[in-house]
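Please look over the structure shown below before reading on.

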Amino acid sequence: MRLAKYLAHAGVASRRSAEALIAAGRVSVGGAVVDDPARDVDEDSRVAVDGRLLAGPEPRVHYAVNKPVGVVSTARDTHGRPTVVALVRAPGVRLYPVGRLDADSSGLILLTNDGALANRLTHPRFEVAKTYRARLLGGPVAAGALSALRAGVELKDGPTAPADVRRVRPDEIELTIREGRNRQVRRMCTAVGHPVAELQRIAFGPVRLDGLAPGAHRRLSAAEVERLRAL
């Protein structure tokens with residue numbers, strides 16, 4: 001593993017901050033200061049920061065969290081708003097959210113320190129399905145609006161891919177998309193004449209929100225993690 005990535009996985013700092021530590025001469029390998037962030041290392045390389053030996057990459061952990069409205073889906077917020085990472089107590093582990101939910105939306109978000117898996121789940125080419133429950137304004141949702149969502153709608157940043165949609169109640173739908181544009185579901189629904197009143201993500205790939213209270217979290221099972229890796 002490259003040195004900068006090793007430091008990030010060990011919970012020392014983000015990848016970019018790890019590169020800065022290396023450039024500052026604060027990192028040694030086998031007792032010798034190293035200035036190359038691409039240097040290959042492993043658990044037997046005796047990597048140290050400021051003279052302190054690292055125990056190695058921290059174990060991979062994966063959480064499902066039910067994000068409440070008003071909580072931002074970032075690791076930290078410059079405006080002092082509550083963050084989704086603060087909902088999970090994981091001492092010694094640097095957790096990051098997988099993807100985003102805007103502050104006005106609630107529901108399922110994944111937290112992990114598994115960078116490789118997070119990248120696979122958010123990279124557009126893997127087209128990981130995400131399912132939302134939306135309560136809509138503009139009266140009962142007509143068949144024409146559902147058909148438009150299923151066909152894909154034109155947004156300012158281009159047409160969307162077709163969505164899977166079903167009507168749950170006259171003013172409520174479940175919608176599954178495989179893209180990750182900013183506020184995409186809200187913009188799609190507005191485009192067909194039904195602005196979103198409430199939006200909740202209920203599934204991320206094979207992981208579902210079922211039974212998780214607002215603000216609560218749970219560790220993903222090994223089987224769930226394997227299903228995510230297989231996407």
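A polar contact is a pair of N or O atoms within 3.5 Å, where, within protein, one must be able to donate a hydrogen and the other to accept it, and residues adjacent in sequence count only if both atoms are side-chain atoms. This is a predicted model, in which local features need pLDDT of at least 70, side-chain atom pairs count only at pLDDT 80 or more, and totals for chains, interfaces and linings use all residues. Residues are numbered from 1 along each chain as its sequence is written, and side-chain values use heavy atoms, with hydrogens and water left out.

- Strands here are DSSP runs (E, at least two residues), numbered from the N terminus, and two strands pair if DSSP finds at least two bridges between them.
- Strand S8, residues 130–136, is mostly covered, with five of its seven residues buried (under 20% relative accessible area, with exposed over 50% and partly exposed in between, using a 1.4 Å probe and protein chains only).
- S8 pairs with strand S12 (residues 172–177) in the antiparallel sense over six bridges, and Ile177 of S12 is the bridge partner of Lys130.
- S8 also runs antiparallel to strand S13 (residues 196–204), joined by seven bridges, with Tyr132 opposite Arg201 of S13.

**His217 and its surroundings**

- His217 lies in strand S15, residues 217–219, and counts as partly exposed because its relative accessibility is 33%.
- Although 154 residues separate His217 from Tyr63 in sequence, their C-alpha atoms are 6.5 Å apart in space.
- Beyond its neighbours within four places in sequence, His217 is in contact (heavy atoms within 4.5 Å) with Tyr63, Ala64, Val65, Leu87, Val88 and Leu212.
- The His217 side chain reaches the backbone oxygen of Leu87 at 3.4 Å.

Notes. Helix = DSSP H or I, 4+ residues; strand = E, 2+ residues; numbered from the N terminus.
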